[in-house]
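Please prepare a briefing on the fold shown below, covering its strands, its nonpolar cores, one of its pockets and a few individual residues.

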Amino acid sequence: MPPILLPDRYRVEPGAAVRLADWKTDDSAGIDRPAAEQRLAGNIDALQKLQHTLYAEHQRSVLVVLQAMDAGGKDSTIRHVLGPLNPQGVQVKNFKRPTPDELAHDFLWRMHQHTPRQGHIQVFNRSHYEDVLVARVDQLVPDSVWSERYQIINEFERALTQAGTVIVKFYLHLSHRVQGEKLIERLELPHKRWKFEPADLESRRKWDDYMRAYEDALTRCSTPHAPWHIIPADDKWLRLLTVSEILRATIEHMNPQFPDPKVDPAEALRLLQQLA
């Protein structure tokens, strides 16, 4: 299938000032849903093959960072895009409120323990960016503390890339209207009520504060080695297509290769036939 080039459309160029109001939450890029679903299936098939090769190569790794407001679709994205891949080589870490032990260390300590091993894809469902989002909006630390963290995050990500990790960062850009609809749905549908948290109401009240915090994080931490992508998230089918497209393009660009065999295949085959 020919490339759709969604990575270029939704990437935050390093140095660009982000104003989220300028980024559509329902931008289809001229693609209709049937074509998108067909393309998604092709992307999943390609990702399965690429992941298999990356795992066999065992030299580099991929870190996928997912950030969004509540009901933005992080879990759904993981389930539909990364769920079909071999779990032997894909790990997911969901970062919730820090534990007392985590708070006793520097803010990146808990992330470093879950960075990907060679050959693996690691997914951060929420991430180190919570420390310039929630920590800022809810005033969990002084301004002088969180304001220094952007540069620390950039250095952390730079160190990971120098060690062979390719970082792909997605902000799932949901509109205020659609978030409200999804939160109401969580309350109205019995099988979704478990997802609703009292904190969802508080974060919705602080929507504008969170948008400003996200704009700063996207502006200050979209770098050449770890760019952000702003994904339109109002429509599930478009969100899944876009994330899968960018992830596929990223690993294709890495061009993983199968390693050389550990033995001479012809000689090993001869010995096996003798043992039959």
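Aspartate 209 has its place in helix H11, and at 33% relative accessibility this residue counts as partly exposed, a class that lies between buried, meaning under 20% relative accessible area, and exposed, meaning over 50% (1.4 Å probe, protein chains only). Although aspartate 209 and valine 134 are 75 residues apart in sequence, they are 9.9 Å apart in space, C-alpha to C-alpha. The model is a predicted one, in which local features need pLDDT of at least 70 and side-chain atom pairs count only at pLDDT 80 or more, whereas totals for chains, interfaces and linings use all residues. Residues are numbered from 1 along each chain as its sequence is written, and side-chain values use heavy atoms, with hydrogens and water left out. Helices (H or I, at least four residues) and strands (E, at least two) are DSSP runs, numbered from the N terminus.

**Strand pairing and burial**

- Two strands pair if DSSP finds at least two bridges between them; by this criterion S1 and S4 pair in the parallel sense over eight bridges, with leucine 66 standing opposite phenylalanine 170 in S4.
- S4 and S5 also pair in the parallel sense, over five bridges, and here lysine 169 stands opposite tryptophan 228, while leucine 172 stands opposite isoleucine 231.
- S3 pairs in the parallel sense with S1 over five bridges and with strand S2 (residues 90-94) over five bridges, and isoleucine 121 of S3 is the bridge partner of valine 62 and also stands opposite valine 90.
- Eight of the nine residues of S4 are buried, so this strand is largely enclosed by the rest of the structure.
- Strand S3 (residues 121-125) is likewise largely enclosed, because five of its five residues are buried; both of its faces are covered, with Ile121, Val123 and Asn125 on one side and Gln122 and Phe124 on the other.
- S5 is mostly covered, five of its five residues being buried, and from this strand Trp228, Ile230 and Pro232 point one way while His229 and Ile231 point the other way.

**Nonpolar cores**

- A nonpolar core is a set of buried Ala, Val, Leu, Ile, Met, Phe, Trp, Tyr and Cys residues joined through side-chain atoms within 4.5 Å; the largest has 35 residues, of which Leu20, Tyr129, Tyr171, Met211 and Trp228 touch the most other members.
- Strand S1 (61-68), helix H6 (134-137), helix H8 (149-162), S4, helix H11 (207-220) and strand S5 (228-232) each supply at least two residues of this core, and H11 gives the most, with seven residues.
- Another core, of 30 residues, lies apart from the largest one and has Leu40, Leu47, Val62 and Ile78 among its members.

**The second largest pocket**

- A pocket is defined on a 1 Å grid over the protein atoms alone, for a 1.4 Å probe, as an open set of points with protein on both sides within 12 Å along at least five of seven lines, and its lining residues have an atom within 4 Å of a point.
- About 380 Å³ of space lies in the second largest pocket, a volume being the space filled by probe spheres set on the points, which are joined across faces, edges and corners.
- The lining of this pocket has 17 residues, of which Arg11, Val166, Ala249, Thr250 and His253 lie nearest its centre.
- Strand S4 (165-173) and helix H12 (236-254) each supply at least two residues of that lining, and the largest share, five residues, comes from H12.

- Most residues other than glycine have a negative phi.
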